[in-house]
Amino acid sequence: NIYGPADPNLSRIIPGTIAHILNGEPPAIFEESQYHIREYTYISDVVEAYLLLAERIEETKGKAYNVGAGEGNILSTRELVEKIASMMGSNVRIKVIPRRFPVREIKTQYLLSERIRKLGWRPKVTIEEGLWRTIKWYASEEGKMFWRYWI
């Protein structure tokens with residue numbers, strides 16, 4: 001779950017929640033997945049990890065590396081939406097909707113990133129800072145032109 005500004009897929013939880021709140025609408029989450037746990041990693045942290053792997057290609061070639069932000073960035077879908085709404089000063093109610101068709105989802109999903117941490121990589125952006133940067137971008141003139149086109 002990589003997130004950040006300019007994500008064109010508003011069906012994803014972070015940009016969709018922000019766009020709905022900016023539009024004065026309640027954010028929506030699926031009933032059966034509202035308590036599913038996910039790890040959220042800000043885009044610049046992922047880019048830095050990939051650059052580190054590229055710089056050390058001879059050492060890292062042929063190995064798999066997970067890039068995850070870690071403990072403070074692991075939230076349920078509901079907690080994430082509530083955090084975004086709170087950061088945006090919104091008290092809109094979350095719209096909980098049932099799915100029309102059953103979907104098999106992993107209930108708890110996060111990464112074990114020890115291998116890349118041994119190379120010295122650490123995430124720099126907390127969930128609060130990353131969400132704030134993302135909210136600011138979607139609320140900017142550039143961001144508004146972007147998401148209003150897609151809604």
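Student: Which residues of helix H4 are buried?
Tutor: In this predicted model, helix H4 covers residues 77-87, and its buried residues are Thr77, Leu80, Val81, Ile84 and Ala85. Seen down the axis of H4, these buried residues fall within an arc of 130°, so they line one face of the helix.

Student: What do the buried residues of H4 pack against?
Tutor: They pack against helix H1 (13-22), strand E2 (28-30), strand E5 (74-76) and helix H6 (127-139). After H4 comes glycine 89, which has a positive phi, near 70°.

Student: And H2, which of its residues are buried?
Tutor: In H2 the buried residues are Asp45, Val46, Ala49, Leu52 and Leu53. They fall within an arc of 120° when the helix is seen down its axis, so they line one face of H2. The cover over these buried residues includes strand E1 (2-3), strand E4 (41-42), helix H3 (57-60) and helix H5 (114-118).

Student: What is on the other side of H2, then?
Tutor: There, Tyr50, Ala54 and Glu55 are exposed. For tyrosine 50, the relative accessibility is 51%, and that is why this residue counts as exposed, the cut-off being over 50%.

Student: Which residues form the nonpolar patch on the surface?
Tutor: The patch is formed by Ile2, Ile43, Val47, Tyr50 and Leu51, which together have about 460 Å² of accessible area. Helix H2 (residues 43-55) supplies the largest share of this patch, with 4 residues.

Student: How does the span of H2 work out for its 13 residues?
Tutor: At 1.5 Å a residue, the 13 residues of H2 should span 18 Å, and the C-alpha atoms at its ends are 18 Å apart, which agrees.

Student: Changing topic, how many salt bridges are there in the whole structure?
Tutor: A search of the whole structure finds 11 salt bridges. In one of them, lysine 124 pairs with glutamate 48, and the closest N and O atoms are 3.0 Å apart. This pair links distant parts of the chain, since lysine 124 is in the loop between H5 and H6 while glutamate 48 is in helix H2, 76 residues apart.

Student: Is lysine 124 buried or exposed?
Tutor: Lysine 124 is exposed, with a relative accessible area of 63%, whereas glutamate 48 is partly exposed, at 31%.

Student: Which residues are linked in a network of salt bridges?
Tutor: Glu32, Arg38, Arg99 and Glu105 are linked in that way. Within the network, the side chains of glutamate 105 and arginine 99 meet in a salt bridge of 3.0 Å, N to O. Glutamate 105 is partly exposed at 31% relative accessibility, and arginine 99 is also partly exposed, with a relative accessible area of 24%.

Student: What does serine 33 touch?
Tutor: Leaving aside residues up to four places away in sequence, serine 33 touches Thr77, Arg99 and Glu105. Serine 33 is found in the loop between E2 and strand E3 (37-39), and its relative accessibility of 7% means that it counts as buried.

Student: To step back, how many helices and strands does the protein chain have?
Tutor: The protein chain has 7 helices and 7 strands. Buried residues make up 37% of its 151 residues. Of the contacts in the protein chain with a separation of 6 or more, 87% come from residues 24 or more positions apart.

Technical notes: Residues are numbered from 1 along each chain as its sequence is written. This is a predicted model: local features need pLDDT of at least 70, side-chain atom pairs count only at pLDDT 80 or more; totals for chains, interfaces and linings use all residues. Side-chain values use heavy atoms; hydrogens and water are left out. Patches are made of residues with over 30% relative accessible area and no salt bridge: like charges are joined within 9 Å, nonpolar side chains (Val, Leu, Ile, Met, Phe, Trp, Tyr) within 5 Å. Accessible areas come from the Shrake-Rupley method with a 1.4 Å probe; for residues, only the protein chains shown count as cover. A salt bridge is a side-chain nitrogen of Lys or Arg within 4 Å of a carboxyl oxygen of Asp or Glu. Helices (H or I, at least four residues) and strands (E, at least two) are DSSP runs, numbered from the N terminus. Buried means under 20% relative accessible area, exposed over 50%, partly exposed in between (1.4 Å probe, protein chains only). The arc is that of the directions from the helix axis to the C-beta atoms. Contact means heavy atoms within 4.5 Å. The expected span of a helix is 1.5 Å times one less than its number of residues.
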